[in-house]
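Subject: Structure for you to look at

Hello,

Here is the structure I said I would pass on. Please open it and keep it beside this message while you read.

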Amino acid sequence: MIKPEAVAAGHTGKIIDMIISNGYRILALKYTRLSQEEAGVFYAVHKERPFYGELVDYMASGPIYAAILEKDNAVEDYRKLIGATDPAQAEEGTIRKRFAESKAKNAAHGSDSDANAEIEGNFFFSGRERF
Ligand code: ATP
Ligand code: MG
C-alpha cells in the first residue's frame, strides 16, 4: 500500500516508479479507501499495541493505493526498498527515507511474509483484477 499521507502529498507516481525500476511487476493496482472497520481488520495483528487506534484512524483517513507486486524474493527485497518503520532509521534512497513523515505516517506498507502477502492481496483484489 501507498499510505494516505503519501498519496495526499502527491508521492504516488515517484513511489510506483521506484517500485518498477527496482524490478517489480505490478500484478494488480487499485485506488481505494479503507473504512475504520477494514483498517482494523487489516492491522488486527497490532490490536494489543498502544498505537493501534491511531494506526486505524490514520489508515482510514484518506484514499490509498493497494498493489500486488511480483519479484523473486519479493517480501524481503521490498522491505529493504521501503526501509525501516521509523524514517529516522531508514537508509538513504529508501521509500520511507524519501517520503515518510514519521514512524506512524510512513508512506508505504509491505507484507511481512509470503503467507501474509497472499492474505493481503486477497483482501483487496478478486481473481479478475490481477494479471
Ligand atoms: P507496515 O506493516 O505498515 O509495512 P512495518 O512492518 O514497518 O509497517 P509494523 O511494526 O508492522 O511496521 O507496524 C505497522 C504500522 O503501524 C507502521 O508502519 C506504522 O504506520 C505504525 N506504527 C508502528 N509503530 C508505531 C509507533 N510506535 N507509533 C505509531 N505508529 C506506529
Ligand atoms: Mg508490518
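Predicted model: local features only at pLDDT ≥ 70, side-chain atom pairs only at ≥ 80, totals over all residues.

Ligand 1 sits in the largest pocket. Around ligand 1 there are 14 residues, and those that come nearest are Tyr43, Arg79, Thr85, Ala104 and Asn106. By type, the shell around ligand 1 consists of 4 nonpolar, 5 polar and 5 charged residues.

Oxygen atoms of ligand 1 also take part in polar contacts with the protein. In the side chain of Arg96, an N or O atom is 3.0 Å from an oxygen atom of the ligand. For His109, a polar side-chain atom lies 3.0 Å from a ligand oxygen. With Gly110 the backbone is involved: one of its polar atoms there is 2.9 Å from an oxygen atom of ligand 1. Taken alone, ligand 1 exposes 580 Å², and the protein buries 82% of that.

Now the salt bridges. Side chains of opposite charge can pair when their charged atoms come close. The structure holds 5 salt bridges. One of them joins Glu70 and Arg25, with 3.1 Å between the closest N and O atoms. This pair links distant parts of the chain, 45 residues apart: Glu70 belongs to strand S2 (residues 64–70), and Arg25 to strand S1 (residues 25–32).

Regards

Note on methods. Residues numbered from 1 in each chain as written. Chains lettered and ligands numbered in written order. Heavy atoms only, no water. Near = heavy atom within 4 Å. Polar contact = N/O pair within 3.5 Å; in protein donor to acceptor, adjacent residues only side chain to side chain. Areas by Shrake-Rupley, 256 points an atom, 1.4 Å probe, with all protein chains shown as cover. 1 Å grid on protein atoms, 1.4 Å probe; cavity = no way out; pocket = protein on both sides within 12 Å on 5 of 7 lines; lining within 4 Å. Sits in = over half its atoms within 2 Å of the grid points. Nonpolar A, V, L, I, M, F, W, Y, C, P; charged D, E, K, R; others polar. Salt bridge = Lys/Arg side-chain N within 4 Å of Asp/Glu carboxyl O. Helix = DSSP H or I, 4+ residues; strand = E, 2+ residues; numbered from the N terminus.
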